[in-house]
Amino acid sequence: MKSLSLTYAASLFALAEEENIVDDVMDQLREIDSVIKENREYASLLDSPTLSLEQRTKLIDEAFSSFHEYVSNFLKILCEKKCVYIFPECVKHYEKLFNKKNNIENVTVITAMPLSEELCSKLTSKLEKESGKKVCLDLKVDKSILGGIILRTENSQTDASVRARLDAIKMQLES
């Protein structure tokens, strides 16, 4: 479904760009995505053949009446095609387009212990300087790495964890 979700997301992005509402649409898509993730049965209901299309679109109107018509109509199109289940993938693709347009790089940071705000700020500054992009950190804690840091972007991973170094030493000893 990657190509279908990408096609839908790119179409919505193009419309939003024409109307200069890319940011608003991004915010609203994230909000709906959160609702759907918290209420999986809602997405199933919107894809359900037991309800008429009219009933299903009425549910969308009731839940998202304050949202921009492009966003609610987008959800209605997915509903009509009985593929609301791809909505989270559509949001991911839209977000990639949004990030590219706004020169944003998402970086997942994995450490053995939580980073202080000061270290987060320094890391963000350093990564922004190196990449020339605005960096958004997604902080995760994984005690199994023992120490150090793992940085993941869409296209790369840097593993400077103690676990990785120990594994490398172990492989050298075994060969």
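Q: By class, what does the lining of the second largest pocket have?
A: This is a predicted model. The lining of the second largest pocket has four nonpolar, four polar and three charged residues.

Q: Which residues line the second largest pocket?
A: Glu-105, Val-107, Leu-127, Glu-130, Ser-131, Val-135, Leu-151, Arg-152, Thr-153, Ser-156 and Thr-158.

Q: Which element gives the most to that lining?
A: Helix 7, with three residues. Strand 1, helix 7 and strand 3 each supply at least two.

Q: What volume does the second largest pocket have?
A: About 170 Å³. For the largest pocket the volume is about 770 Å³.

Q: OK, the largest pocket then. Which of its lining residues are the closest to the centre?
A: Glu-95, Lys-96, Asn-99, Asn-106 and Glu-154, out of 28 residues that line the largest pocket.

Q: And which element gives the most there?
A: Helix 6 does, with nine residues. Helix 2 (22-38), helix 6 (87-101), strand 1 and strand 2 each supply at least two residues of that lining.

Q: How many charged residues are in the lining of the largest pocket?
A: There are 12 charged residues, along with eight nonpolar and eight polar ones.

Q: Back to helix 7. How many residues does it have?
A: Helix 7 covers residues 117-131, which is 15 residues. From first C-alpha to last it reaches 21 Å, close to the 21 Å expected at 1.5 Å a residue.

Q: Which residues in helix 7 are buried?
A: Cys-120, Leu-123, Thr-124 and Leu-127 are buried. Seen down the axis of helix 7, the buried residues fall within an arc of 100°, so they line one face of the helix.

Q: Why would residues three or four places apart point the same way?
A: An α-helix has 3.6 residues a turn, so residues at that spacing point the same way.

Q: What do the buried residues of helix 7 pack against?
A: Strand 1 (104-111), strand 2 (134-141) and strand 3 (148-152).

Q: Which residues are exposed on the other side of helix 7?
A: Glu-118, Lys-122, Lys-126 and Lys-129.

Q: How far apart are Leu-15 and Tyr-70 in space?
A: They are 8.0 Å apart, C-alpha to C-alpha, and 55 residues apart in sequence.

Methods:
Residues are numbered from 1 along each chain as its sequence is written. This is a predicted model: local features need pLDDT of at least 70, side-chain atom pairs count only at pLDDT 80 or more; totals for chains, interfaces and linings use all residues. Side-chain values use heavy atoms; hydrogens and water are left out. Helices (H or I, at least four residues) and strands (E, at least two) are DSSP runs, numbered from the N terminus. The expected span of a helix is 1.5 Å times one less than its number of residues. Buried means under 20% relative accessible area, exposed over 50%, partly exposed in between (1.4 Å probe, protein chains only). The arc is that of the directions from the helix axis to the C-beta atoms. Contact means heavy atoms within 4.5 Å. On a 1 Å grid over the protein atoms alone, a cavity is a set of points where a 1.4 Å probe fits but cannot get out, and a pocket is an open set with protein on both sides within 12 Å along at least five of seven lines; lining residues have an atom within 4 Å of a point. Grid points are joined across faces, edges and corners, and a volume is the space filled by probe spheres set on the points. Ala, Val, Leu, Ile, Met, Phe, Trp, Tyr, Cys and Pro count as nonpolar, Asp, Glu, Lys and Arg as charged, and the others, Gly among them, as polar.
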